[in-house]
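Student: Can we walk through this one together? I'd like to start with what sits around the ligands.

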Amino acid sequence: MKDRYDVLVIGAGPAGSIAAKTAAEKGLDVLLIEKRQEIGDPVRCAEGVSKEYLKKHVEIDKRWICADLNASYIYAPDGTKIEMAEEISGGEVGYVLERKVFDRALAEQAANAGAEVRVKTRATGLIIEDGSVKGARLMHLGKTYDVRAGIVIGADGVESKVGRWAGIDTSLKPIDMETCAQYLIAGENIDQHHCEFYIGNEIAPGGYIWIFPKGEGKANVGIGVLGSKTGKFKPRPVDYLNKFMEKKFPDARIVEMVFGGVPVSGSIEKTSTNGLMLIGDAARQSDPITGGGILNAMDAGKLAGEAAYEAISAGDVSLQKLEEVYEKPWRTTLGHDIDMSLIVKNCFINLSDEDLNSLAYSLKDVKFERMSLLDLLQALFKANKKLLWDLRVLFKDAAKEVVKNKM
Amino acid sequence: MSIKINRYKCGYCGACVGVCPKGAIELVETWVEVDESTCVACGICDRICPVGAIEVMK
Ligand SMILES: Cc1cc2nc3c(=O)[nH]c(=O)nc-3n(C[C@H](O)[C@H](O)[C@H](O)COP(=O)(O)OP(=O)(O)OC[C@H]3O[C@@H](n4cnc5c(N)ncnc54)[C@H](O)[C@@H]3O)c2cc1C
Ligand code: SF4
Ligand code: SF4
């Protein structure tokens, strides 16, 4: 490890590895550090990603694909089933990854592009001089190192400290975090071509239960519960999950346990400061409605890698510059989608089980393979006028899209 | 005022770290450390923990 780099990336999840790879490919001298001794392990993810989006970032490698999905089923509290074919089911269906292998492959790609990678190396604080981030203090095998860098990229996930050290308060309120538990189950011979979602205030308040096939008859069965709807005197995610397991898979073998938190706050106010950018879960860029964050993290990583190059080439890593080369590009692209999802989330978490049932019932017969936005609008309108009102911003936006595409 | 983390129950997921308003918690590798001098015993970490490994006493 040297004592100076162009770019120091903290955290080797999808966000950090893509940022490091992008910056290294541009010829910058990059150090990527990861506090765990094994990248990608333990997993904190259900591992579902959209095929199309993933292909934008990496070539598909079957070593880290566990299942290839072509449909998803959503079950309302009363059991009403909505079936969605691949094209329109949104960002979270497509492949189910093996993140232990996937995350490592991304870090290897960063290394192959020229970045130095250090595991079991934890950032414990930032070096800040004249109001600008100039590097970080690292700990590796009990020894402390000061490493300076032209730009620091905080990709340290849900537990991010990097932003806070620089004065950006990224702490989440309970209502802004889905708290999760998941089992990898075997011995149930689960269908490997579709995933399932179960919604309802009884089974997963403010969140949902998912079943994602994981290859060879196995599946990730997990739950996210909104932080504000669980707590000390209420059931925990793990309690809800156990209840669901008892009913649905009483004989399943649990071969892995996963816990975690997903930010569902929507865009936060600030994700950069002088000499520093935050990306991925550290910047709270996961999707507020689905909790999906892998692809957003990769998008942000790419933008930040490019931004680092622009800023360093220009000899200007000030907040002003980073606002231009990083903040603005991410907010107008993935930030926009996040904002839209936040509107849906705020509406969704207040729906009663009856609302959810009636909504599902009205969507039941919509031909989702050929669904147009108008079909969906019509169905929604029949089901719940209040909902339509709450979501009006989305439709305004969608209408704009339609107009744009026609021109 | 004190906070106890049951390390035999903790799944080292980092959710508590993300919600602590004081930045008092840190996930080191497979364990969680709390800086008792900055912790204000607000109990948010206890509320968010998916397994209930944290106990905050006011
Ligand atoms: C239960 C669960 C299910 C999920 N399911 C899905 C899903 O199906 N699809 C989807 O797209 N998303 C899902 N997500 C969200 C997804 O896992 C995250 O959004 C994604 O991992 C974010 O990537 P990241 O690179 O920003 O952060 P992470 O993948 O969390 O990586 C951050 C890395 O930084 C390291 N780090 C932290 N602090 C330091 C430090 N001080 N020094 C050095 N290294 C540090 C961490 O060890 C970690 O390896 C799920 C999350 C959970 C909890
Ligand atoms: S939230 Fe609970 S399980 Fe997760 S790291 Fe904190 S104490 Fe451990
Ligand atoms: S009780 Fe509050 S201040 Fe103390 S560690 Fe938990 S969240 Fe942080």
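Student: How does the shell around ligand 1 split by class into nonpolar, polar and charged residues?

Tutor: First the ground rules: this is a predicted model, where local features need pLDDT of at least 70, side-chain atom pairs count only at pLDDT 80 or more, and totals for chains, interfaces and linings use all residues. Residues are numbered from 1 along each chain as its sequence is written, chains are lettered from A and ligands numbered from 1 in the order written, and side-chain values use heavy atoms, with hydrogens and water left out. Ala, Val, Leu, Ile, Met, Phe, Trp, Tyr, Cys and Pro count as nonpolar, Asp, Glu, Lys and Arg as charged, and the others, Gly among them, as polar. On that scheme the shell around ligand 1 holds 15 nonpolar, 11 polar and 11 charged residues.

Student: Which residues come nearest to ligand 1?

Tutor: A residue is near if one of its heavy atoms lies within 4 Å of the molecule. There are 37 residues around ligand 1, and those coming nearest are A:Glu34, A:Ala46, A:Gly48, A:Asp281 and A:Gly293.

Student: What is the distance from a nitrogen atom of ligand 1 to a polar backbone atom of A:Gly48?

Tutor: We're after polar contacts here, pairs of N or O atoms within 3.5 Å. An oxygen atom of ligand 1 lies 3.3 Å from a polar side-chain atom of A:Arg44, and an oxygen atom of the ligand is 3.0 Å from a polar backbone atom of A:Ile294. For the nitrogen atom and A:Gly48, it's 2.8 Å.

Student: How much of ligand 1 does the protein bury?

Tutor: Accessible areas come from the Shrake-Rupley method with a 1.4 Å probe. Taken alone, ligand 1 exposes 1,000 Å², and the share buried by the protein is 95%.

Student: And ligand 3: how many charged residues are in its shell?

Tutor: Its surroundings include B:Cys20, B:Cys39, B:Cys42 and B:Cys45. The shell divides into 10 nonpolar and 1 polar, and the charged count is none.

Student: Why does A:Thr170 count as buried?

Tutor: A:Thr170 sits in the loop between α4 (162-165) and β12 (177-186) of chain A; helices (H or I, at least four residues) and strands (E, at least two) are DSSP runs, numbered from the N terminus. Buried means under 20% relative accessible area. A:Thr170 counts as buried because its relative accessibility is 1%.

Student: Which chain B residue does A:Arg36 contact?

Tutor: Contact means heavy atoms within 4.5 Å. Leaving aside neighbours within four places in sequence, A:Arg36 has contacts including A:Asp41, A:Val119 and, from chain B, B:Glu29.

Definitions and conventions: Polar contact = N/O pair within 3.5 Å; in protein donor to acceptor, adjacent residues only side chain to side chain. Buried < 20%, exposed > 50% of the residue type's maximum accessible area, 1.4 Å probe, protein only.
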